[in-house]
Amino acid sequence: MTDLVDLVALSRLSPHCWRRAAEWLRAGDSPSQVLQRLAATLWPDDPGRLAPLRAGAADTIARAERDRIAAVAWSDAAYPVALATIVDPPPVVWTRGQIDALSAPAVAIVGSRAASQDALSVAHDLAHDLAACGLVVVSGLARGVDSAAHRGALAAHGVTVAVLGSGVDVLYPPEHAPLARQIDERGAVISELVPGTRPDPMFFPLRNRIISGLSRAVVVIEAGEKSGSLITARCALEQGRDVLAVPGNVLSGRNRGAHGLLRDGAKIVESADDILEELGMCGRGAGRAAPAPRDPILACLTPGEPSDLDAIAAATGLGTAKLLPRLFELELQGAVARIGGGRFVRIDRSC
């Protein structure tokens, strides 16, 4: 509980502190040490500010528990490995719904809020087909492409995750509250912002790095030259994720941002098969082999038999700071999968 309080306190600091906090946590410093070090840097002449910061964090945790909102801390086994590998992961992810949805293989679908009917149909159909293949569809619950993607995944009885630019108990836009309740049943609504936080324009670009961070790839549908979806695409590239885009009408000007991505090398998407192929899953790119078991991590895993992080670390001699990013790389390659309880299983799969 002490670690959780300190991590929530870290999350209440300015986001520009989070990258440094992540570096120190990965280096083995405790949340308490990191918090004290940052507090000493931020308020060198006012050490008394640390106690009320921790007290406020404890109150936030208690309120979240009463409202059935889960706090998934950076140190928790349920914290998504994919998100832990980005340079500035949130210290805590606040979650409504199914926590396990955060650790399953995922693809983000993002695009215009004022989307054309064609774009809405494409978003719905792509999300439906990806969800039917077992992938989680991640988006931002916004109007337009985002909500169409969530609905498409739900129509396939699949799993979808909504990342908010507000607290998970402050839904924006408000008319999507019924959609958020449907997402809760099969997936998750999440935010790095403490419950009760109102939406603010500065929060949405920040949340885009989480949308991409949770995902293996980002698909952009109908994005203008100044679309927030391009921020998500840029985050994806910085995080080593694949970026794909759906072409659109060249005369309308509504899709110039996505066309720019295509000119810069993004893969063109005409169907879900194009996305599956890029990920090395079943599709037109079927038959791409999984990494050979010469990898020391794969060598210590038996196909189909789950192993927890401590067991893998003991078998490989790798520390957590090196092991988690490598496990995520293998997950991206389809060689391992993360299952409940922070365990991993090796996959021997041919399409």
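The legends below describe close-up views of pockets, cavities and a sheet in a predicted model.

**View 1. The largest pocket and its lining.**
The largest pocket holds about 410 Å³ of space. It is lined by 23 residues, and those closest to its centre are W74, S75, L309, T320 and L324. At least two lining residues come from each of helix 2 (18-26), helix 5 (81-84), helix 14 (309-316) and helix 15 (320-332). Helix 15 gives the largest share of this lining, with 4 residues. Sorted by class, the lining of the largest pocket contains 13 nonpolar, 4 polar and 6 charged residues.

**View 2. The second largest pocket.**
About 310 Å³ of space lies in the second largest pocket. Its lining is made of 18 residues, of which I86, V87, D88, E238 and Q239 are the closest to the centre. Helix 2, helix 9 (203-213), helix 10 (229-238) and helix 15 each give two or more residues to this lining. The largest share, 4 residues, is again from helix 15. The lining of the second largest pocket has 10 nonpolar, 2 polar and 6 charged residues.

**View 3. The largest cavity.**
Searching the whole structure gives 4 cavities of 30 Å³ or more. The volume of the largest cavity is about 70 Å³. Of its 13 lining residues, A82, S103, A104, L214 and E331 are the closest to the centre. Helix 5 and helix 15 each contribute at least two residues to the lining of this cavity. The classes in this lining are 9 nonpolar, 1 polar and 3 charged.

**View 4. The second largest cavity.**
The space in the second largest cavity is about 60 Å³. The residues that line this cavity are R113, G140, L141, A142, R143, Y172, P173, F204 and R207. By class, 5 of them are nonpolar, 1 is polar and 3 are charged.

Strand 11 pairs with strand 12 (residues 343-346) in the antiparallel sense, over 4 bridges. Which residue of strand 12 is the bridge partner of V336? That partner is R346.

How values were computed. Residues numbered from 1 in each chain as written. Predicted model: local features only at pLDDT ≥ 70, side-chain atom pairs only at ≥ 80, totals over all residues. Heavy atoms only, no water. 1 Å grid on protein atoms, 1.4 Å probe; cavity = no way out; pocket = protein on both sides within 12 Å on 5 of 7 lines; lining within 4 Å. Points joined across faces, edges and corners; volume = space filled by probe spheres on them. Nonpolar A, V, L, I, M, F, W, Y, C, P; charged D, E, K, R; others polar. Pairing = 2+ DSSP bridges.
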